[in-house]
Amino acid sequence: MIANEQLRSTDILTRENILWDYQMACESRQASLLGRRDVMGGRAKFGIFGDGKELAQLAAARAFRRGDFRSGYYRDQTFVAALGELSWQEFFAQLYAHTDVEAEPNTGGRSMNGHYATRWLDEQGLWRNQTELFNSVCDISPTAGQIPRSVGLAYASKLYRENPALHDMTKFSRNGNEITFGTIGDASTSQGMFWETMNAAGVLQVPLLMSVWDDGYGISVPVEYQTTKGSISKAMAGFQRDVDEKGIEILTVKGWDYVALLETYQQAARVCREEHVPVLVHVQELTQPQGHSTSGSHERYKSKDRLSWEAEHDCNRTFRQWILANGYATNEELETIEAEAKQTTKEARAQALAAYQQSMQSDFDEVLDLLQQAARHNSKSGELMAIREELRKSFSPQRREATSAVRKALRVLRNDTGAARQNLRNWLNRTNAENAERYSSHLYSQSPESPMLIDGVPAQFSEESPTIDGYQIMQRYFDSLFARDPRVVALGEDVGQIGDVNQGFAGLQEKYGEIRITDTGIRETSIIGQGIGMAMRGLRPIVEIQYFDYVYYALATLTDDLASLHYRTKGGQKAPLIIRTRGHRLEGIWHSGSPLGAMLHSLRGIHILVPRNMTQAAGFYNTLIKGDDPALLIESLNGYRLKEKLPDNLAEFCLPLGVPDVLRPGSDVTVVTYGSMCRIVMEAAQQLAAIGISVEVMDVQTLLPFDVHHLILESVKKTNRIIFADEDVPGGASAFMMQEVLECQDAYKYLDSAPRTISAKAHRPPYGSDGDYFSKPSVDDVIELIYELMNEAEPDRFPEL
């Protein structure tokens, strides 16, 4: 391990800077203390704070520049506040869940405290200039969940530096000089996400500065149970670079040593910024004065000796002693700073609480008035006044209490036809719309670049249009895409040199270079993280999960981070990542590739596209590249060798999202399906036509969004029967489609037969053609279920088989 170099600190170690840092440390500590009191006193639901980490975060902030990124940990309040990106009033507004982004700009009250996010997007949802900002990617609570994207944020700097075609993207980078500051608690380094990401960073040689805040515990579990040798820096010693081999620079420093922290972070930032070498800073001997969170007390699991040691080594205490010992201030001056810090945070807390309460007061008062009016001259006045009195006596009332009171009153007034009932109904309708915006908006893009606004451009064919293999459609499509858009980058396992396992990128790395079409290690989680980080920085990555079944490796990152990003920042951040994979209809337990139900349940916030062939896939890629939402596109694995006509306008044609395609018109039964099942159902429909059954086959094309114009409903009005067919397990995507059509579209009104589903067996398919036939839907299965419906309707025409 290389010892920390001694840096000249004369520009940093000034009295002004030192006392400013001390004031910030004191203010942050007071914010933590007051925040805990608010939770314990019932003003807030939960609290998790950064006390004990103040000094290290101040040192890191001193090395942070505009344009840099923090992909951090929910204890980073001092770090973010020191950058001027968090006021203490905003800190308390988030603790109270204030839904106004003017008051709580990080998440609009959607995330608990400690989750900080720079608003990269303007009011329209379009990019601001990131190089002018101190960028914080919105924190997430799952341990180590913030780490995978950090490698992508840092990798973007490498691309911006090394690819001349990107040098004019000055809103996103200044020649790749930006560092990504990752932060993590020491216990969370046990997670695979951390190790996978640090390994990738070492391989890629990217400017990632990873800080480990080491306070010796993971909640109650001490470090010797967490980490080999009880030290992450010792455990990772094999990653240390030397004169012969690239790797990671590993530095250690005590969390209570102000000067050493400053020197360490200046050194780490220089190595990252100038050399594009990843650095691990292991900040040791930190404390946690209030324990892990407001959920419990650390006295339950820490010994008296440990608690005594923590009190003595509290970083704010040692900082104070150092300032006095070196003559930077007198005791009286520090006491003044401490008193001012208490006053500053108390005032911020009072202002935040008042603003939060005031934001709800008008609705609260209006409901009290409406209930009183409704009770006048009403036979139910006793019940209504009881509801009003319960609301009036509410301690720290919230919107839900006013809304619940109105809903109760409307039930009491269910037989009333007077104006009072209508006034309550009007109030509820108005506030329901407002609360939908407060709590449920921005799951997907609402910007002018939303892919939902992209008009369809039909594929054009001519007599000269060649018929080629599906993989060649993909190859020619990606060739045209990379030629016209320098922002597009592809990466994944076997994507580069061999052009992916199904040859969609064949020959393109040689043509466009390794900087744009790149092989990776077998590391799905950090592949997704790499793509997320790049997409956050203005690039348009297409990252590949080689087979759809492997998406489970990356599911936590997809659902916890990418899918919720736009929502949890209330439109403040986005990452328009395209995840390319292939699935359906291969044989075998781990390559069967149709777990759509799991994706639909996990990935709301990501569009899910299921094209039936490669031409349709190309049309969807064009739409997604023009849009700004993330998407998962599953190509049909058994379609790469099937013949398709090459569109003349391959680079221009677009398919709209959420619009099913009628593959075959019919009048007896509607079959709704997607992907490789389209060929199965079409063959069945052809055979059924020979015995007089007319089947309308509809390819939904996209599952999220699903049939936005209710075209399936129009088909059901005609056929009065419906079957949902897919290769997922029972109750998976078929159940989702059924709910969408029967419940959301009210198609049940037009059914003459019970709706049915065709799905795979509950287990994964065994290997071999027979395993596929007996576990996944076959043409015979489709024919017999459709025939069964017609037998029920017309037994004379269609006797039982």
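Trainee: Which residues in α6 do Pro148, Ser150, Val151, Tyr155 and Lys158 in α5 meet?

Mentor: Keep in mind that this is a predicted model, where local features need pLDDT of at least 70, side-chain atom pairs count only at pLDDT 80 or more, and totals for chains, interfaces and linings use all residues. Residues are numbered from 1 along each chain as its sequence is written, and side-chain values use heavy atoms, with hydrogens and water left out. Taking contact as heavy atoms within 4.5 Å, the α6 partners are Met193, Thr197, Ala200, Ala201 and Leu204.

Trainee: Is α5 roughly parallel or roughly antiparallel to α6?

Mentor: Two packed helices are described by the angle between their axes and the distance between the axes. Here the axes of α5 (residues 148-162) and α6 (residues 192-204) come within 8 Å and cross at roughly 15°. Angles under 35 degrees count as roughly parallel, over 145 as roughly antiparallel, 65 to 115 as roughly perpendicular and the rest as oblique, so α5 and α6 are roughly parallel.

Trainee: How many of the 10 residues of helix α2 are buried?

Mentor: Buried means under 20% relative accessible area, exposed over 50%, partly exposed in between (1.4 Å probe, protein chains only). In α2, the buried ones include Glu54, Gln57 and Ala63. Helix α2 (residues 54-63) is mostly covered, and the count is nine.

Trainee: And isoleucine 722, what's its relative accessibility?

Mentor: Isoleucine 722 sits in strand β21 (residues 722-725). Leaving out residues up to four places away in sequence, isoleucine 722 touches Thr670, Val672, Ile712, Val716, Val741, Leu751, Ala754, Pro755 and Arg756. Isoleucine 722 counts as buried because its relative accessibility is 0%.

Definitions and conventions: Helices (H or I, at least four residues) and strands (E, at least two) are DSSP runs, numbered from the N terminus. Axes are lines fitted to C-alpha atoms, for helices over the stretch in contact, and angles run from 0 to 180 degrees between N-to-C directions.
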